[in-house]
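Here are a few exercises to work through with the model open beside you. Try each task before reading its solution.

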Amino acid sequence: MIAPARWSVAAGSGLLLSLTALVPLAAAAEAPVPAVTAVTRASWSTGGGAAGVEPSPARAAVERAIDPTDYQCGRTAFDTYIDGLIASISDEDFAFLIGHLEMLDIPTYDALVFARPGDSFYELTTHAAQLTKTFRDVKRFWDIDAADIQLQAMHGATLLDAAKVTRTLAVYYDVPESLVAGYAKEIADYVNADKAAGGRFYDNPLFTLNAFAFSGEGEAPPFDTIPDKLIFGDGLLAAFDTIGLGDVGPRVVMGHEFGHHIQFEQGLFATDPPLPAPEATRRTELMADAFAAYFGTHKRGLALNAKRVVDALQSFYVVGDCQFDNPGHHGTPNQRLRAAQWGASVAQAAAPRSMILGSLAFAGLFEATLPTLIAPDA
């Protein structure tokens, strides 16, 4: 449960959060904001900003902390874990977070825009060997050209660096750095003071509870020049460790995010006729789950236990995700369960067992079974 003090802080902030889009700054006038109040925040989670970047589950969790009545989904292991993260934050830190919600996005977009090969700051620091090997395995398994995809990490330590925060907010708001430098310094000063006092607020897994695939093809500047990427957050990896899926979760999520790169390369995001946003996102996410389960359980893939693969996929991004009208809707837990089980069953039925379906052939099978996967939950 969220402490009553959290409710009073959140209710007094005047913020209206949504997973579909971040509200204009002018609509959050009661909260501390940078000097760009006329600027509308980019709709990152609906594809209005950087396509392929999935909204962090932390946003759903903080939304639930602000309004615990607005929760439409059965509980998962991730729910319990994230509730614990929120409960562990002091009232002072929680109030600062509510007034500076960009903090939940800064490590993500810093790594997206600015991480380059050879920069040690963006190297994996946890599960590095596991993910590096899985990255090699998944590139070998599927039939797309993946040589240009970069594997990198996002870290909460980004928030300690005023320069990194400044440059990220400048992209986030699409304004000159001079307009957000003061606000960025306010964030960095706060977390540095907390760290100096022995705190770990900056490193709370909420800030990096994410993983995503990105392709700059067709994006507007500055995103069009960014290399193809797979980025993992420390918080997501910590979550899988805590809920007992650290042995399979990161590898299965690698399979899911690589599934998005298959969609990028093979043109699988588009449909004819086009689907409305919630249905379109659900389709691509369930397809990525199926790609991951097929790779994860196939004899020539990861050859993992099918139940463990399904458990990991069902846990991934199902925090509050029964909001059927949300453009970022990933599918309900039951739908994700069905997609994962179906993908695993296709791998287990392979004859001979060593045969790997091409990505387009697999996607065609998925499209045929999608109506069954999204049938109303029992």
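The chain exposes about 14,500 Å², with carbon and sulfur atoms supplying 56% of it (Shrake-Rupley areas with a 1.4 Å probe; for residues, only the protein chains shown count as cover). This is a predicted model, in which local features need pLDDT of at least 70 and side-chain atom pairs pLDDT 80 or more, while totals for chains, interfaces and linings use all residues. Residues are numbered from 1 along each chain as its sequence is written, and side-chain values use heavy atoms, leaving out hydrogens and water.

## Exercise 1: secondary structure and pairing

**Task.** Count the helices and strands, then find how β1 and β3 pair.

**Solution.** 
- Step 1: The chain has 14 helices and 3 strands (DSSP runs numbered from the N terminus: H or I of at least four residues for helices, E of at least two for strands).
- Step 2: β1 runs parallel to β3 (residues 229-233), with 5 bridges; strands pair if DSSP finds at least two bridges between them.

## Exercise 2: the nonpolar core

**Task.** Which residues in the largest nonpolar core touch the most other members?

**Solution.** 
- Step 1: The core has 89 residues, and those touching the most other members are Met-103, Trp-142, Leu-169, Phe-201, Phe-258 and Phe-362. A core here is a set of buried Ala, Val, Leu, Ile, Met, Phe, Trp, Tyr and Cys residues joined through side-chain atoms within 4.5 Å.
- Step 2: Helix α11 gives the largest share of this core, 8 residues.
- Step 3: Another core, of 13 residues, lies apart from it and includes Ala-111, Tyr-122, Val-171 and Ile-226.
- Step 4: As background, nonpolar side chains tend to be buried together in soluble globular proteins.

## Exercise 3: aromatic pairs

**Task.** How many aromatic pairs does the structure hold? Then compare two of them.

**Solution.** 
- Step 1: There are 17 aromatic pairs (ring centres of Phe, Tyr or the six-membered ring of Trp within 6.5 Å; planes under 30 degrees apart are stacked, over 60 edge-to-face, the rest tilted).
- Step 2: Trp-142 and Tyr-294 have ring centres 5.7 Å apart and planes at 35°, so the pair is tilted. Trp-142 is in the loop between α6 and β1, and Tyr-294 in helix α11, 152 residues apart.
- Step 3: Phe-291 and Phe-362 are also a tilted pair, at 5.2 Å centre to centre and 35° between the planes. Phe-291 sits in α11 and Phe-362 in α14, so the pair ties together parts 71 residues apart in sequence.

Methods: Buried < 20%, exposed > 50% of the residue type's maximum accessible area, 1.4 Å probe, protein only.
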